[in-house]
Amino acid sequence: MNLGAIKSKYDARDLKLGAVQEPISYPEIYLPDYSNLPKYWQNGLPTCGANAGSFFKVIQEFIESKTAKSFSPRFLWIKIKEIDNNALQVGTDMRSIFKTLKSIGVCDNNLINNDVSMSLIDYTNSQPITQNMLDNAQPNIINSYAFVDDLSFEGIKNAIYRNGVVLLRLLVGRNFFNTTTLTIPAGRLSGHFIVAYGYDKDWIYFRDSTEKDFTKSDKKFGKDYMNWVKEGGTALDLDNDYIRALINKRETLQKIVELIRKVLEWLKGRK
């Protein structure tokens with residue numbers, strides 16, 4: 001079983017949500033009704049990242065304009081695979097999803113056939129991409145993104161309420177399917193990207209792309225699942241100069257730490 005979510009490689013330039021957003025008070029229940037927004041099915045392809053990234057933008061668009069749009073997982077998958085340097089069959093990572101949404105965006109679903117009965121090679125073929133699709137995708141970009149550094153149950157709730165939607169990488173087992181309530185995963189585990197959009201006192205609610213039966217596309221997990229929530233990220237509306245300044249500061253600090261490490265090693269060697 002491989003649904004297509006792998007861990008992002010470490011990058012000191014990554015922006016952490018806690019560096020740009022202070023925690024705020026949030027209501028006990030935040031549960032928008034997104035049942036009428038489009039649902040996606042990956043049909044066994046390791047493309048959960050593109051499906052999750054597309055629905056992430058669907059929610060963003062709905063929050064901003066109250067328009068129920070449908071974006072193309074296939075287009076997003078093709079563009080992600082041009083930059084992520086991961087083998088087709090392993091899927092992709094969260095950073096590559098956000099980088100593609102930031103630079104390229106995602107086009108309307110009706111512009112390219114999202115035929116999930118295709119082979120993975122055919123589904124990934126970039127030949128069908130047209131300039132019209134690229135032009136259509138450009139308004140559907142994100143301005144910036146950050147990784148959620150507080151992956152506690154309450155931390156994710158805070159991120160959802162503050163930003164409207166959060167992309168999560170979970171580990172799931174064979175009992176993930178054909179249900180709407182997650183229990184401790186059983187059997188062989190796979191990484192999986194999902195889109196968290198709401199919560200109440202006991203549950204975090206999310207949209208999934210593994211179910212052919214769309215009545216099971218909206219699922220939930222509780223506090224007992226937190227050991228299997230491995231990564232989170234969201235989009236931010238921040239000024240690019242501000243982001244660059246934060247990244248430069250992180251890079252400078254990283255260089256200072258590395259210099260101190262080398263000095264300590266040199267001093268140790270003189271003893």
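This short talk concerns Ser-8 and the sheet in a predicted model.

Good morning. Residues are numbered from 1 along each chain as its sequence is written, and side-chain values use heavy atoms, with hydrogens and water left out. Because the model is predicted, local features need pLDDT of at least 70 and side-chain atom pairs count only at pLDDT 80 or more, while totals for chains, interfaces and linings use all residues.

I begin with Ser-8. Ser-8 lies in the loop between strand 1 (5–6) and helix 1 (17–20). Helices (H or I, at least four residues) and strands (E, at least two) are DSSP runs, numbered from the N terminus. Is Ser-8 buried or exposed? With a relative accessible area of 8%, Ser-8 is buried; that term means under 20% relative accessible area, with a 1.4 Å probe and protein chains only.

In an open sheet, 6 strands follow the order 3-8-4-5-6-7, with antiparallel pairing. Two strands pair if DSSP finds at least two bridges between them. Strand 3 (144–147) and strand 7 (218–221) each have a single partner strand, so one side of each lacks a neighbour in the sheet. Strand 3 pairs with strand 8 (residues 229–236) over 4 bridges, and Phe-147 stands opposite Gly-233 in strand 8.

Definitions and conventions:
Buried < 20%, exposed > 50% of the residue type's maximum accessible area, 1.4 Å probe, protein only.
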